[in-house]
Amino acid sequence: MSTTTMIPLRTRPAWRALETHYEELDKVHLRDLFAGDPGRGERLTAEGAGLYLDYSKNRITDETVALLLQLAEESGLSERTEAMFRGDRINVSENRSVLHVALRMPKSESLVVDGVDVVAEVHGVLDRMSALADRIRSGEWTGHTGKPIRNVINIGIGGSDLGPVMAYEALRHYSRRDLVFRFVSNVDSTDFAEATRDLAADETLFVISSKTFTTLETMTNARTAREWALAALGDESAIAKHFVAVSTNAEEVSKFGIDTDNMFGFWDWVGGRYSMDSAIGLSTMIAVGPGAFRELLAGFHELDVHFRTTPLQRNLPVLMGLLAVWYGDFFDAQTVGVMPYSQYLKRFPAYLQQLTMESNGKHVTLDGRAVDSQTGAVYWGEPGTNGQHSFYQLIHQGTKLIPVDLIGFGRTLNPIRDHHDLLMSNVFAQAEALAFGKTDAEVRAEGTPEAIVPHRVFEGNRPSNVILAEKLTPHTLGALIALYEHSVFTQGTIWGIDSFDQWGVELGKVLAKRIIPELESIDEPDLRHDSSTNALIRRYRAMR
Ligand code: F6P
């Protein structure tokens, strides 16, 4: 770790300069920034891996950008990026390398970590996944009764679910429409019941996806799936034809009863929320085919190369990450809205929630001291234009500053009449309205009664990024995901936190394990929680 990252954030020269700069800029309106600088809308843009980022409608000047870039340098961003790509153990609290970037390196490259060429291992698994996907897609892989597989159900949660669901929805256009894909994550039995109620077990393949193969929700659903399949198929030998596993834990996979020949592995250097392009993407590969899956990986890789090699001032994820720090730490913005203007990307915000918040929701620095800044923002969003008719009111006229990312495509995959122009006109209109608003003079000039004028004024000065790509393809999707991954990395590096651990999810899991027997016991349990938890458990037992 570079020693510069150990200098407390607030004492770094760029941070100090940004504090003074913020005081001046806070009073400046985007209307004035644009009026005084006709080239702004073209200058404050960057391009890479097929993505175009317009960041001109942010509350920044060239000086802001220069200071933020200086902050990145003083925070050791370039060194830490190299350390990640080299396979250094930058996940300090788990003493692990962070190498999701190796998952998408081409076969021709090699990356040796602890004496092992991880790229060769990655491609070994990809080839096995491709063989399975081809066998299922061609009908060669048959179930217990000799029928081909028609239904694929991924059982997993968190990183072993959100990526696969998001990618399946995003790439539906490229998927096999004669196969059914479902995703079971919640331990609420409703999830399993609804996913399987209309399916025939002899045509169904379960992909049990769990990095650890110990996660309560996934193992509970996997056991239920096993019982469901056995009830219909009646014979233990059916399991081999209807269950495959994706995991790093071969021992638990075999204990569960899945032959490790039907297991697809990955490695402890892939974090759960960074794993959709590992074997965790098996359901995605079955849906879109090995070729399209490799295009997805190529999109990720192109953005990785962009992140690693492009100067910081033209580097998309660096710019986006720095802007997130700027709003969170200086403007006290608590959230970032991500609004994809694509129905196919409807699960993208949910996917980003884990990526961003499990990564950067941290309270101590890498060396264990309390952070002296804000850390990860709340990421959220919905596809446009739906969100406009729901919560955009608050973004336009509420009292909170909410920076938004608006994502749009040049061409639709479903050209019908003028739908796409209508959709995209809203992307541009929203960014324009947020930035420039509508003054009281403009409202009055429309003949608005004086009492109503204040209600109809739009203050504007609300920041947005617009991200454009030509078309939603597997390649574009890969680049888009990597864009946010590396933006998260940039933010975490500035804050000096470990973006790759997730200790904050542990306590609830431990407490739930203690409560399970108290809910299930026949005798009245001796409850030793606080008075509220005791009362809630008693009430539940009475209702049960
Ligand atoms: O509880 C959080 C978490 O550990 C996530 O980080 C992870 O993606 C998810 O649970 C699922 O874990 P696994 O893949 O090991 O089942």
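The structure holds 32 salt bridges, and the model in which they are found is a predicted one. Side chains of opposite charge can pair when their charged atoms come close.

- Asp-26 lies in the loop between α1 (13–25) and α2 (30–35), while Arg-59 lies in the loop between β2 (51–54) and α4 (62–74), so the pair ties together parts that are 33 residues apart in sequence.
- Asp-26 is partly exposed, with a relative accessible area of 34%, whereas Arg-59, at 9% relative accessibility, counts as buried because the cut-off for that class is under 20%.
- A salt bridge is also made between the side chains of Asp-62 and Arg-43, with an N to O distance of 3.2 Å.
- Since Asp-62 lies in helix α4 and Arg-43 in helix α3 (residues 40–43), this pair ties together parts that are 19 residues apart in sequence.
- Asp-62 is partly exposed, with a relative accessible area of 43%, and Arg-43 is likewise partly exposed, with a value of 36%.

**Helices α6 and α13**

- The axes of helix α6 (residues 118–138) and helix α13 (residues 290–309) come within 9 Å and cross at roughly 145°.
- On the α6 side the contact is made by His-123, Leu-126, Asp-127, Met-129, Ser-130, Ala-133, Asp-134 and Arg-137, and on the α13 side by Pro-290, Phe-293, Arg-294 and Leu-297.
- Asp-127 counts as partly exposed at 35% relative accessibility, and Arg-294 counts as partly exposed at 30%.

**A salt-bridge network**

- Asn-360 is found in helix α15 (residues 348–360).
- Is Asn-360 buried or exposed? Asn-360 is buried, with a relative accessible area of 1%, a value that falls in the buried class because that class covers anything under 20%.
- When its neighbours within four places in sequence are left aside, Asn-360 is in contact with Thr-375, Gly-376, Val-488, Gln-491, Gly-492, Trp-495, Ile-497 and Ser-499.
- Asn-360 and Arg-31 are 329 residues apart along the chain, and their C-alpha atoms are separated by 33 Å.

**A nonpolar surface patch**

- Val-187, Leu-216 and Ile-516 make a nonpolar surface patch of about 210 Å².
- Ile-516, one of the residues of this patch, is found in helix α21 (residues 506–520) and is partly exposed, with a relative accessible area of 30%.

Key: Residues are numbered from 1 along each chain as its sequence is written. This is a predicted model: local features need pLDDT of at least 70, side-chain atom pairs count only at pLDDT 80 or more; totals for chains, interfaces and linings use all residues. Side-chain values use heavy atoms; hydrogens and water are left out. Patches are made of residues with over 30% relative accessible area and no salt bridge: like charges are joined within 9 Å, nonpolar side chains (Val, Leu, Ile, Met, Phe, Trp, Tyr) within 5 Å. Accessible areas come from the Shrake-Rupley method with a 1.4 Å probe; for residues, only the protein chains shown count as cover. A salt bridge is a side-chain nitrogen of Lys or Arg within 4 Å of a carboxyl oxygen of Asp or Glu. Helices (H or I, at least four residues) and strands (E, at least two) are DSSP runs, numbered from the N terminus. Buried means under 20% relative accessible area, exposed over 50%, partly exposed in between (1.4 Å probe, protein chains only). Axes are lines fitted to C-alpha atoms, for helices over the stretch in contact, and angles run from 0 to 180 degrees between N-to-C directions. Contact means heavy atoms within 4.5 Å.
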